[in-house]
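Subject: A structure for you to explore

Hi there,

Here is the structure I promised to pass on to you. Have a look at it first, and then read my notes below.

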Amino acid sequence: MKRNIVIAAVTAAALIGGGTATALATTGDGGGSAQQAGNTRLSDDDVRDDQDDRDDDGRDDDAAQAASGDVTAPEAIASALKHTPGTVVSAELDDEDDSDKVIWKVDVLSGDNAWHSVSVDPSSGKVLGAQTDDEDDTAQVRAALKGSSVTAEEAAKAAAGKGTVTSVDLDEDGKNKSWEAETHKSGGAEQDWKIDLTTGKVTADHSDAQDDDADDTDDQD
C-alpha cells in the first residue's frame, strides 16, 4: 500500500513539473527503478524538444542571413555592369541550379540587343560567369525604359530603405510601368514595392494582395 502511494506521488510530481522531476522510489521488486527510468526518459525528451526548437530558430536565422548576403543588390548590379556593359533589367538572389548555393543573377540588355545573364557571388561580388539568353520582349523593355531616369541600381538603392533588397525587376506591362523590388527584414515577412521610373519614389505594391483577394472571391463563388 505504501509502495503504491509513493509511486503515485512521484508520478504526480513529474506531471506537475512538466515531466522534468526525477525521483527514486526504493522497493523490493524493482518498481522504483522502472519509475525513475520513465521519469528520466521524460526529461530527456523535453531537452531534445527544446534543442530542436533552438536548432529550427538557428536554421531560420541562417537562411535569412544567406538570403541577404554580404553584397547588396546595387553592388551586384554594379559588378555585373563592369563585366557586361548595358542596361540591367533585373537582379535577383536565386538558387544556383536548384542547389543550396545562393547567387545574384543579373539580367543585362546590351547595346546590340543581346541578353546576358550574369552570376555574381553574394559574398565577394565577384562575377562567377555569364551566358547569353534568348528573350522576345526586347522592344517592350526598350519602350518601357524610354524617357526613364531611374536605373535598376538606383531603384535598388531606393528600396534598400525598406529592408534588404533580394530582387529588383522591371515591370513593363500595363499602363503604370515601374521597377518592382522585394525586400526582407530579419524576423519579418517579405514585402513588395514599386519604384517610379522617373522620380524614384517608393510605394507599397498591393497588387499581389489584390490578386489574392480576387482568388478568394472566385473560390467562394
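Predicted model: local features only at pLDDT ≥ 70, side-chain atom pairs only at ≥ 80, totals over all residues.

**Two helices side by side**

Find helix 3 (residues 73-83) and helix 5 (residues 152-159), whose axes come within 8 Å and cross at roughly 165°. That angle is over the cut-off of 145, and the two helices are therefore roughly antiparallel to each other. Their crossing is left-handed.

Which residues make the contact? From helix 3 come Ala73, Pro74, Ile77 and Ala78, and they meet Ala152, Glu153, Ala156 and Lys157 of helix 5. By type, the residues of this contact split into 6 nonpolar and 2 charged, with no polar ones.

**What helix 3 buries**

Now stay with helix 3 and look at its buried residues, which are Ala73, Pro74, Ala76, Ile77, Ser79 and Ala80. These buried residues pack against helix 5, and also against strand 1, strand 2, strand 3, strand 4 (127-133) and strand 5.

**The nonpolar core**

The largest nonpolar core holds 32 residues, and the members that touch the most others in it are Trp104, Val120, Leu170 and Trp179. Elements that each supply at least two residues of this core include helix 3, helix 4 (138-145) and helix 5, along with strand 2 (102-109) and strand 6 (178-184).

Not counting residues up to four places away in sequence, valine 120 touches Ala76, Ser79 and Ala80, among others. Its other partners include Ile103, Trp104 and Val106, as well as Gly125 and Leu128.

**Around helix 4**

Is threonine 138 buried or exposed? Threonine 138 is found in helix 4, and its relative accessible area is 14%. Buried means under 20%, so threonine 138 is buried. Setting aside neighbours within four places in sequence, threonine 138 is in contact with Leu109, Asn113 and Trp115.

Compare that with glutamate 135, which lies in the loop between strand 4 and helix 4. With a relative accessibility of 41%, glutamate 135 counts as partly exposed.

Enjoy exploring!

Best wishes

Key: Residues numbered from 1 in each chain as written. Heavy atoms only, no water. Axes fitted to C-alpha atoms, helices over the stretch in contact; angles between N-to-C directions. Helix = DSSP H or I, 4+ residues; strand = E, 2+ residues; numbered from the N terminus. Parallel < 35°, antiparallel > 145°, perpendicular 65-115°, else oblique. Left-handed = near helix turned anticlockwise from the far one by under 90°. Contact = heavy atoms within 4.5 Å. Nonpolar A, V, L, I, M, F, W, Y, C, P; charged D, E, K, R; others polar. Core = buried A, V, L, I, M, F, W, Y, C linked by side-chain atoms within 4.5 Å. Buried < 20%, exposed > 50% of the residue type's maximum accessible area, 1.4 Å probe, protein only.
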